[in-house]
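Subject: Structure handover

Hello,

Here is the structure I promised to pass on. Please have it open while you read, as my notes follow below.

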Amino acid sequence: MESNRFFTQKGYELQNQEELSASMEDYLEMIYRMLRESQCVRIHALAEQLHVKPSSASKMVASLKEKGYIEFEHYGYLTATKKGQETGDYLLYRHDILHRFLCRLNRSENELEQVE
């Protein structure tokens, strides 16, 4: 990709097919967050946490599985691969840093919407 060309967010995502899209990051972050409390996650629980339809969550999970971030059997449980755990750990770290920074900057208790 040429460094002097500008794209929309979607354009950058299309240029970097190997990378995770923003939506994929959101899903992987939530899966990893849920896995910290339980050894596995079900699609329905993931969909509830993200306020999406289970069919939408299933499609995204299939994409994450294809890219090697999670393991999933149809109607089964989700677990993170080593790659998924490492990336999930980074996503939570980044989320927490941004949240603390924005709370301090805006002198507030909760900047979750801004972080997302």
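A word on terms before the findings: a residue is called buried under 20% relative accessible area, exposed over 50%, and partly exposed in between, with a 1.4 Å probe and protein chains only. By that scale Arg33, with a relative accessible area of 28%, is partly exposed. Please note that this is a predicted model, in which local features need pLDDT of at least 70 and side-chain atom pairs count only at pLDDT 80 or more, while totals for chains, interfaces and linings use all residues. Residues are numbered from 1 along each chain as its sequence is written, and side-chain values use heavy atoms, with hydrogens and water left out.

**Overall layout**

The protein chain has 6 helices and 3 strands, arranged along the sequence as α-α-β-α-α-β-β-α-α. Both kinds of element are DSSP runs numbered from the N terminus: helices are H or I with at least four residues, strands are E with at least two. Of the 116 residues in the chain, 34% are buried. The chain exposes about 8600 Å², and carbon and sulfur atoms supply 48% of that area; accessible areas come from the Shrake-Rupley method with a 1.4 Å probe, and for residues only the protein chains shown count as cover. I count a contact when heavy atoms lie within 4.5 Å. Among contacts between residues at least 6 apart in sequence, 46% join residues at least 24 apart.

The 3 strands form an open sheet in the order 1-3-2, with antiparallel pairing. Its edge strands are strand 1 (41-42) and strand 2, each of which pairs on one side only. Two strands are said to pair if DSSP finds at least two bridges between them; strands 2 and 3 are joined in the antiparallel sense over 3 bridges. In that arrangement Ile70 stands opposite Ala80 in strand 3. Thr81 is buried, at 15% relative accessible area, and leaving aside neighbours within four places in sequence, Thr81 is in contact with Gly68, Tyr69, Ile70 and Glu71.

**The core**

As background, nonpolar side chains in soluble globular proteins tend to be buried together. A nonpolar core here is a set of buried Ala, Val, Leu, Ile, Met, Phe, Trp, Tyr and Cys residues joined through side-chain atoms within 4.5 Å. Which residues touch the most other members in the largest nonpolar core? Out of its 22 residues, they are Leu28, Ile31, Leu46, Val61, Leu64, Ile70 and Leu78. Two or more residues each come from helix 2, helix 3 (43-50), helix 4 (54-66), strand 2 (70-72) and strand 3, and helix 2 gives the largest share, 7 residues.

Leu78 belongs to strand 3 (residues 77-80) and has a relative accessible area of 0%. Not counting residues up to four places away in sequence, Leu78 has contacts that include Ile31, Leu35, Cys40, Val61 and Phe72.

**Salt bridges and a surface patch**

For salt bridges, I looked for a side-chain nitrogen of Lys or Arg within 4 Å of a carboxyl oxygen of Asp or Glu, and the whole structure holds 3 of them.

- Arg94 and Glu25 have their closest N and O atoms 2.6 Å apart. This pair links distant parts of the chain, with Arg94 in helix 5 (residues 82-106) and Glu25 in helix 2 (residues 22-35), 69 residues apart. Arg94 is partly exposed, at 28% relative accessibility.
- Glu29 and Arg33 come to 2.9 Å between their closest N and O atoms. Being 4 residues apart in helix 2, they are separated by about one helical turn. Glu29 is buried at 9% relative accessibility.
- Lys82 and Glu86 meet at 3.2 Å, N to O, and both lie in helix 5, 4 residues apart. Lys82 is exposed at 61%, whereas Glu86 is partly exposed at 48%.

Finally, Tyr90, Tyr93 and Ile97 form a nonpolar surface patch with about 330 Å² of accessible area together. Patches are made of residues with over 30% relative accessible area and no salt bridge, like charges being joined within 9 Å and nonpolar side chains (Val, Leu, Ile, Met, Phe, Trp, Tyr) within 5 Å. Tyr90 lies in helix 5 and is partly exposed, at 45% relative accessibility.

Best wishes
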